[in-house]
Amino acid sequence: QVQLVESGGGSVQAGGSLRLSCAASGHTNPLSYMAWFRQAPGKEREGVAIFALRGGDIFYADSVKGRFTISRDRAKNMLYLQLENLNPEDTAMYYCAAADWRLPRDGLFTGRNYGYWGQGTLVTVSS
């Protein structure tokens, strides 16, 4: 089993920044992907950024490309998401997720392909 715990959410004004953290524990060695998803009120869950743990490849949703940066501290078993130039449309609950199997390229942003989830951290951006 893998446990994921997010932190770092908060309330900021448009144009502001936040850094989200995800602490992974448990049986983390077999993990192949870690990711950040978000879900805004009344909207479907959306994949935001993906980190392929084996090769280090990184993928971003078009909506956040150039503003968000995903990174990893392997030694600390931490995953981060730096959020820059936030706008009200970024308001959502942000979730850390992980998968321990190989995913197809067109399945990286599909939430049901990830077996481990954190409890989420709320980001609120005001205009």
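In this predicted model, strand 7 (residues 68-73) and strand 8 (residues 78-83) pair in the antiparallel sense over 6 bridges. The model is predicted, with local features needing pLDDT of at least 70 and side-chain atom pairs counting only at pLDDT 80 or more, whereas totals for chains, interfaces and linings use all residues. Residues are numbered from 1 along each chain as its sequence is written, and side-chain values use heavy atoms, with hydrogens and water left out.

**The hairpin**

- Strand 7 and strand 8 form a hairpin with 4 residues between them, and N77 in the turn has a positive phi of about 55°.
- Within this pairing, I70 stands opposite L81 of strand 8.

**The disulfide**

- The structure holds 1 disulfide, a term applied here to a pair of cysteine sulfur atoms within 2.5 Å.
- C22 and C96 form this disulfide, with their sulfur atoms 2.1 Å apart, and the pair links distant parts of the chain, as C22 lies in strand 3 (residues 18-26) and C96 in strand 9, 74 residues apart.
- The torsion about the S-S bond of C22 and C96 is about -75°, and the disulfide is therefore left-handed.
- C22 is buried, with a relative accessible area of 0%, where buried means under 20%, exposed over 50% and partly exposed in between (1.4 Å probe, protein chains only).
- C96 likewise counts as buried, because its relative accessibility is 0%.

- A92 is found in strand 9 (residues 92-99), and its relative accessibility of 2% makes it buried.
- Leaving aside neighbours within four places in sequence, A92 is in contact (heavy atoms within 4.5 Å) with R38, Q39, A40, T121, L122 and V123.
- The C-alpha atoms of A92 and G111, which are 19 residues apart along the chain, are separated by 15 Å.
- T121 belongs to strand 11 (residues 121-126) and is also buried, with a relative accessible area of 10%.
- Not counting residues up to four places away in sequence, T121 touches E6, S7, G8, G9, L20, A92, M93 and Y94.
- A polar atom of the T121 side chain lies 3.0 Å from the backbone nitrogen of G9.

Conventions. Helices (H or I, at least four residues) and strands (E, at least two) are DSSP runs, numbered from the N terminus. A polar contact is a pair of N or O atoms within 3.5 Å; within protein, one must be able to donate a hydrogen and the other to accept it, and residues adjacent in sequence count only if both atoms are side-chain atoms. Two strands pair if DSSP finds at least two bridges between them.
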